[in-house]
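Here's a quick briefing to read with the model open on your screen. Have a look at the fold before going on.

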Amino acid sequence: MADNGKVHQTVIKKYANRRLYHTGTSTYVTLEDLAGMVQNGEDFLVYDARSGDDITRSVLTQIIFEQENKAGEDNLLPVAFLRQLIRFYGDSMRTMVPSFLEFSMANFARDQDGLREKLTQSFAPTVFQNALEEQVRANMSFFGDAMKMFTSFGTGPLSGMNAPTGTQPSAPPPSAGTSDLDELKRQMAEMQSRLEDLAKK
């Protein structure tokens with residue numbers, strides 16, 4: 001089934017001259033065009049025309065870079081978030097970051113329409129903006145709490161990696177019979193419940 005889904009993805013080829021070729025329309029496109037495709041929900045894959053390598057990740061990252069460099073109030077990534085993200089490169093927690101970022105963004109995307117409707121009906125635009133910023137801060141706080149989970153439990157798979165030698169974990173270990181996976185599921189369920197409660201306010 002996954003292979004069938006990929007068949008419908010648009011293929012973009014990037015040539016040595018940095019030009020991007022849309023194989024579906026047989027036309028050259030720009031990064032701005034690709035950004036519009038993403039915003040419209042159209043998935044695509046980008047391949048290096050010479051080597052055939054999948055370079056979708058680097059192109060999407062370039063689109064974000066271009067968007068963040070635009071003047072105005074369209075910036076989405078706070079400086080503090082960017083600094084923290086950079087710190088995770090090479091960190092023992094690095095492998096967990098993508099999953100939690102996807103979890104947080106999926107929840108925010110799921111709830112944003114209902115939240116926007118409720119807030120625009122109840123508040124002035126300024127208050128609406130402040131409420132959205134508060135939810136973003138709450139999401140980042142939940143993310144930080146979840147990342148700390150793996151070093152706070154004595155029997156966790158990554159416990160002790162970042163703790164000084166000879167120190168004891170601040171939180172007690174999970175009760176007997178509870179696996180690390182069960183504990184992770186419980187923590188994620190709590191995060192989702194808190195997000196849903198925030199969206200209902």
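Predicted model: local features only at pLDDT ≥ 70, side-chain atom pairs only at ≥ 80, totals over all residues.

**Helix 2**
- Helix 2 runs over residues 31-39, and its buried residues are Leu31, Leu34, Ala35 and Met37.
- Those four span an arc of only 160 degrees around the axis, so they sit on the same side of helix 2.
- The cover over them includes strand 1 (10-14), strand 2 (20-22), strand 3 (27-29), strand 4 (44-48) and helix 3 (56-68).
- After helix 2 comes Gly41, with a positive phi near 85 degrees.

**Nonpolar cores**
- The largest nonpolar core has 12 residues, including Ile12, Val29, Phe44, Val46 and Ile55.
- Two or more residues come from each of helix 2, strand 4 and helix 3, and helix 2 gives the most, with 4.
- Leaving aside residues up to four places away in sequence, Leu31 touches Leu20, Val59, Gln62, Ile63 and Glu66.
- Another core, of 5 residues, lies apart from the largest one; Phe88, Met96, Val97 and Phe100 are among them.

**Positive phi outside glycine**
- Arg18 isn't a glycine, yet its phi is positive at about 75 degrees.
- You'll find Arg18 in the loop between strand 1 and strand 2, and it counts as exposed because its relative accessibility is 69%, with the cut-off at over 50%.
- Ser26 is a residue other than glycine with a positive phi too, near 55 degrees.
- Ser26 lies in the loop between strand 2 and strand 3, and at 49% relative accessibility it counts as partly exposed.

Note on methods:
Residues numbered from 1 in each chain as written. Heavy atoms only, no water. Buried < 20%, exposed > 50% of the residue type's maximum accessible area, 1.4 Å probe, protein only. Arc of directions from axis to C-beta. Contact = heavy atoms within 4.5 Å. Core = buried A, V, L, I, M, F, W, Y, C linked by side-chain atoms within 4.5 Å.
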